[in-house]
Every structure is written in C-alpha cells, then in structure tokens.
Amino acid sequence: MAEPLLQLQGVSKSFGGLAAVRDVSLELPPGLSALIGPNGAGKTTLFALMSGFLAPDAGRILFAGEDVTGRPPHLNARRGMTRTFQIVQPFAAQTVRENIAVGAHLHCPGRGEALAQAEEVARRVGLAALLDQPAGELTVAGRKRLELARALATRPRLLLLDEVLAGLNPQEVAEMLPVVRSIADQGVTVLMIEHVMQAVMHLAGHVWVLAQGQLIASGTPGEVTRDERVIEAYLGHGTAQRLAKMAVAEAAP
Ligand SMILES: Nc1ncnc2c1ncn2[C@@H]1O[C@H](COP(=O)(O)OP(=O)(O)OP(=O)(O)O)[C@@H](O)[C@H]1O
C-alpha cells in the first residue's frame, strides 16, 4: 500500500492545565476525509499541530514520510500542506484576483504569473466573475470561496479545510459541495473539519471523531454516525436517526 500522505503518532498538546489534544494517532487515506466533534474538542488545535502553527508537546507528525513535527507553516505550505481558517480575513481593499495571487506567489515569483494563476484558480472555485471586485465586498459565501482559492493557489497536495461551510445557508452549502469534491477529484488529499453533517455524509470517505482531545471513533460516515460513543458525545439521538435515514435513502437505487 502507498505511504499515507500524513501520519500522526501519539500527538498531544496542552494549554496550561488543559489537555486540548491527547495522544492522537492517525493515518490519512487519499481522497476526502472529515474530522468532526463537539465545540472545544481540539479539532482546530489538531489542524494547527498538523500544519505547524503549533508544536506538539509529545508525538510526531509525518508528511509524505518526512518528520515535519514543529516545522513552520510556510515551509509545510511550500512542500504541499496548506490549511484554511475558520475566520476568513482577506485583504479587504485588494481585489479577489490580488488576494488569490498571494497564495500563488508561493510558487510564482513573478507578479504576472501569479495573477494568471489566480484567474485559473478562481474558475475552479466559481469566483471568475468576481475577480475585479474588492474582497471586502464579498458575501460570506464569496469569502469562503476566496479562502479556498487562496489555499488552492499554493498548489497543495494536502488541503486542511477548517469549516468552509460554516455560516452558509442550505443553498450555498449545496453549491459549495461540488467545488470541494472537485478539488479531491483532481488528486488533492482533503481533510475537512466540519459541523455540517449532511456535507460530511455526502463528501467524506473516512471520518475521525474527536471529543475532549481524544479520538473516540473512526470509520465511514455510516459507521461513525451509528457509534454510541459518537451519539453520546456529539450527535445526539435525533440527529443520528436523521443521518441514518439519509444514508439509507442515498444507498437506495
Ligand atoms: N491558544 C490557546 N490557549 C488556550 N487554550 C486554547 C487555545 N487554543 C485552544 N484552546 C482550548 O483548547 C480546547 C480545544 O479548542 P479547539 O479550538 O481546538 O476546539 P475545536 O474542536 O476546534 O472547537 P470548535 O468546533 O468550537 O472550533 C478548547 O478548550 C479551547 O478553549
């Protein structure tokens, strides 16, 4: 079997007395996976550890077989691991094109080349019509697409998406799902933190569930949403039943 692109081995991180991430080990398969769990479970902290924004207190992080534990984010991005942020903070006065070009500059030193790459990426995320608009004028959905585009412009092999669907209405979520899927279909390994369970069910091949800093379950979306520990710690019985019906409906011919 091919080596997993990302491996975590016994990773832990505390803030003062609070153990935010406790002894997490995982191997990321190719394709699209999801990391779910209640608020404060440690999901964003785990992303920060993976991408180098934080260094773990214990454990190792391997990217493409190389030990990258504590390696700074810009070096990880250069090698192909990029994350997005829950709170999107574009350069408001700059155009969408210029904002995306910031990501493209990682590999394109020339301004012209970076701007051309920005246009190509904008088409992939449905922002082509808004290239000349100041980023500050984008809607929430537009900002989420811009965050995705800035990350894609760095040409990632692994993309860590932190709640790209948060704050979107159901129609905007439905429009974003094919965009995220197409990124994975183009060969980028994607790990998404997501609370929108409908999206997790639609998109993810594999799901990890974090609660109080620990992995409590892992498997297909169908498996984890039937898991009693996940229902107790996160989903609740009502949501679990609704998701089970959805899974049955989707499996029907
Ligand atoms: N820099 C920090 N300093 C102190 N405590 C922190 C810091 N970052 C996170 N924490 C704490 O660590 C725990 C995990 O937080 P984290 O943001 O990783 O959870 P999460 O699963 O991403 O939550 P959410 O779904 O609400 O985004 C929380 O109790 C949080 O308050």
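Reader: What order do the strands of the open sheet have?

Author: This is a predicted model. Its open sheet of 4 strands has the order 2-1-4-5, and the pairing is antiparallel.

Reader: Which strands stand at the edges?

Author: Strand 2 and strand 5 (66–67) do. Each has a single partner strand, so one side of each is left without a neighbour in the sheet.

Reader: How many bridges join strand 1 to strand 4?

Author: Strand 1 (residues 6–15) and strand 4 (residues 58–63) run antiparallel and are joined by 5 bridges.

Reader: Over how many bridges do strand 1 and strand 2 pair?

Author: Over 6 bridges, in the antiparallel sense. Phe15 has Leu18 in strand 2 as its bridge partner. The hairpin of these strands has 2 residues between them, and Gly16 there takes a positive phi near 60°.

Reader: Where does Pro156 lie?

Author: In the loop between helix 5 (140–152) and strand 7. Pro156 has 22 other C-beta atoms within 10 Å, so Pro156 is buried.

Reader: What does Pro156 touch?

Author: Leave out residues up to four places away in sequence. Then Pro156 touches Gly80, Met81, Thr82, Ala151 and Val188. Arg78 and Pro156 are 78 residues apart along the chain, and their C-alpha atoms are separated by 8.4 Å.

Reader: How do I read the two faces of a strand?

Author: In a regular strand the side chains alternate between the two faces of the sheet. Now take strand 8 (residues 189–193). Here 5 of its 5 residues are buried. Thr189, Leu191 and Ile193 are on one side, Val190 and Met192 on the other, and both faces are covered.

Reader: How many bridges join strand 8 to strand 3 and to strand 7?

Author: Strand 3 (residues 32–36) runs parallel to strand 8, with 4 bridges. Ser33 stands opposite Leu191 there. Strand 7 (residues 158–162) also runs parallel to strand 8, with 5 bridges. Here Leu159 has Val190 as its bridge partner.

Reader: What unit do strand 7, helix 6 and strand 8 make?

Author: A right-handed β-α-β unit, with helix 6 covering residues 170–185.

Reader: How do I read a helix?

Author: An α-helix has 3.6 residues a turn, so residues three or four places apart point the same way. Helix 3 (residues 96–104) is a mostly covered case, with 7 of its 9 residues buried. Val96, Arg97, Asn99, Ile100, Ala101, Gly103 and Ala104 are the buried residues of helix 3. They pack against helix 4 (111–124) and helix 5.

Reader: Which residues surround the ligand?

Author: Phe15, Leu18, Ala20, Gly37, Asn39, Gly40, Ala41, Gly42, Lys43, Thr44 and Thr45 do. Strand 2 (18–27) and helix 1 (43–51) are the elements that give two or more residues to this shell. Helix 1 supplies the largest share, 3 residues. By class, the shell has 4 nonpolar, 6 polar and 1 charged residues.

Reader: How many helices and strands does the protein have?

Author: The protein has 10 helices and 10 strands. Its radius of gyration is 18 Å, close to the 18 Å that the globule rule gives for 253 residues, so the protein is as compact as a globular protein of that length. The C-alpha trace spans about 55 × 45 × 40 Å along its principal axes. Of the 253 residues, 42% count as buried.

Reader: How do I read contacts along the chain?

Author: Take contacts between residues at least 6 apart in sequence. In this protein, 63% of them join residues at least 24 apart.

Methods: Residues numbered from 1 in each chain as written. Predicted model: local features only at pLDDT ≥ 70, side-chain atom pairs only at ≥ 80, totals over all residues. Near = placed C-beta within 6 Å. Nonpolar A, V, L, I, M, F, W, Y, C, P; charged D, E, K, R; others polar. Buried ≥ 20, exposed ≤ 12 C-beta atoms within 10 Å, placed from the backbone. Pairing = 2+ DSSP bridges. Right-handed = clockwise from strand over helix to strand, strands pointing away. Rg over C-alpha atoms; globule rule 2.2 N^0.38 Å. Contact = placed C-beta atoms within 7 Å.
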